[in-house]
2 protein chains.
Amino acid sequence: MDKDHYLERLVRKLETNSPLQSEERDQLLRLPLVLKQFEAGHDIVSEGERTKNCCLVAEGLVCRYKIVGDGQRQILSLHLPGDIPDIHSLLIEQMDHNLGTLTAATVGIIPHEAVRILTRSYYRIAEAFWRETLVEAAIYREWMVGIGRRSAPSRIAHLFCEFITKMTAIGLSDGKTCELPLTQPEIADALGLSTVHMNKKLREIRQAGLVRLRSNKLTILDWKGLCQLAEFDPDYLHLREASSKK
Amino acid sequence: MDKDHYLERLVRKLETNSPLQSEERDQLLRLPLVLKQFEAGHDIVSEGERTKNCCLVAEGLVCRYKIVGDGQRQILSLHLPGDIPDIHSLLIEQMDHNLGTLTAATVGIIPHEAVRILTRSYYRIAEAFWRETLVEAAIYREWMVGIGRRSAPSRIAHLFCEFITKMTAIGLSDGKTCELPLTQPEIADALGLSTVHMNKKLREIRQAGLVRLRSNKLTILDWKGLCQLAEFDPDYLHLREASSKK
DNA sequence: CGTGTGCTTGAATACGATCAAATGCGGTGG
DNA sequence: CCACCGCATTTGATCGTATTCAAGCACACG
């Protein structure tokens, strides 16, 4: 029953980039939260649904994705604990994509109404959530550039750079190594590649001594080299610390 | 000196999807606006900049884009009159991409402070702008799916469907024909394709009798066929009318 | 009537997809 | 402990789509 802990993680994330007053912080920590468990590979919310709740990722890895006509999947974003990936459902009625788990996950269900009361009462809270959605849009832009204009090796490297940077920002990595609980088909679907091709190029990256990746454990062996291959510049993540990291 | 007209267009767009009270509408119409002219192909705001203003597109076609290491460009979004493509700069200090003109354009410069006073005083105004940025994110997702998982012809068709739908929504098209002031290299850069390949596949679409495109005039000859090729479903644009159109 | 810009076309090449199969590995049950 | 199963990863071969390079064309504009 770690509800408080999960909300704290949310607040910590918001406060990293948006100032909150102590009353606002308290109100956020008092949000009603119903925890729900999901197995890996299951949908939390599906395309076309209209919900009255939003979902705080408490544990596990969650993604947005769409399926195209011929059955191919495009993963659109990855969401770590502390994210509310469907906060947009506050203002946009209908889901235009799916939200699903990549690992077993715990999700905190929060009624829209509870959030709406806060965003309408405290403009700083509204701005904090708004800002999160804007950073997400910045990540979309970066992914779009990758899928549209970067080579396969560069995209793979970029995913690693971004993932470990985000994990580090929420304290789940030391910046050198972290869990990467994605199968290769999932990585391929995030990058707009086929599994086979992704596997072959990943092998090259490994053989070039840039990373190690085994049984969902990612280790960066050559951060500079990896960033160079990826043309990774963490500015687009708009993390306060990330710029200093460089 | 059509400042009022341009602000009205903004308000009309916001009100299509977000309810506003008459006082809020009036406040928006009273926003200070300094008009500025740009030639085609010039930057309005560049990557790395920190501005104290945002830009209302008054006339012309504007886009976001990024340039990658080898000089290739990815166009990330298109912006029609009534858009404020850099409203995010209210909350995110640094531009992570460029904002440039595709045609000659008139842009209304609005100080952040003026907007911020409104969004902080009237939660409906904040929500209206927030919602616009969320719809933009939905469009990013759709583009990402296209670039990552759709064939070249499908992507081209999708661009046409989306563009004419958006133009129709703001009254600049009858749904059958409209201006499409993009060169083929620009279309290619929006779709993550090379100019040559884009040209060849466009030819096929034309020969299939789906569209006519000459001297920046787009005419839809077979809307159903085009939508089918594009797998276009306007739901993601979250326009109130669009769903009924289908 | 020449010139430039954007469009079109062809040929060669490369990158990534698809198809098919083998390998490795963790977990389960004999 | 070992055999087997299922899943993820790896590999090879072939095919197709898209890129690159290079040239020619067409129309608007001076």
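In helix H1 of chain B, Leu7(B), Glu8(B), Val11(B), Leu14(B) and Glu15(B) meet Arg25(B), Leu28(B) and Leu29(B) of H2(B). Contact here means heavy atoms within 4.5 Å; helices (H or I, at least four residues) and strands (E, at least two) are DSSP runs, numbered from the N terminus. The model is predicted: local features need pLDDT of at least 70, side-chain atom pairs count only at pLDDT 80 or more, and totals for chains, interfaces and linings use all residues. Residues are numbered from 1 along each chain as its sequence is written, chains are lettered from A and ligands numbered from 1 in the order in which they are written, and side-chain values use heavy atoms, with hydrogens and water left out.

The residues of this contact of H1(B) with H2(B) are five nonpolar, no polar and three charged. In this classing, Ala, Val, Leu, Ile, Met, Phe, Trp, Tyr, Cys and Pro are nonpolar, Asp, Glu, Lys and Arg are charged, and the others, Gly among them, are polar.

The table gives the helix pairs. Axes are lines fitted to C-alpha atoms, for helices over the stretch in contact, and angles run from 0 to 180 degrees between N-to-C directions.

| Helix pair | Axis separation | Angle |
|---|---|---|
| H1(B) (3–17) and H2(B) (22–29) | 9 Å | about 145° |
| H1(A) (3–17) and H2(A) (22–29) | within 9 Å | roughly 145° |

H1(A) and H2(A) cross in a right-handed sense, that is, with the near helix turned clockwise from the far one by less than a right angle. Leu7(A), Glu8(A), Val11(A), Leu14(A) and Glu15(A) of H1(A) make the contact with Arg25(A), Leu28(A) and Leu29(A) of H2(A).

Between the chains, 50 residues of chain B are in contact with 50 residues of chain A. About 4,600 Å² is buried between chain B and chain A, 63% of it on carbon and sulfur atoms; buried area is the accessible area (1.4 Å probe) that two parts lose on being put together, summed over both.

The interface of chain B and chain A has ten salt bridges, each a side-chain nitrogen of Lys or Arg within 4 Å of a carboxyl oxygen of Asp or Glu. In the one between Arg149(B) and Asp189(A), the closest N and O atoms are 2.7 Å apart. On the side of chain B that touches chain A, the elements giving two or more residues are strands E4 (62–67) and E5 (73–79) and helices H3 (112–121), H4 (123–149) and H6 (184–191) of chain B. H4(B) gives the largest share, 20 residues.

Over all chains there are 32 salt bridges. Arg124(A) and Glu24(A) form a salt bridge at 3.1 Å, N to O. Arg124(A) lies in H4(A) and Glu24(A) in H2(A), so this pair ties together parts 100 residues apart in sequence.
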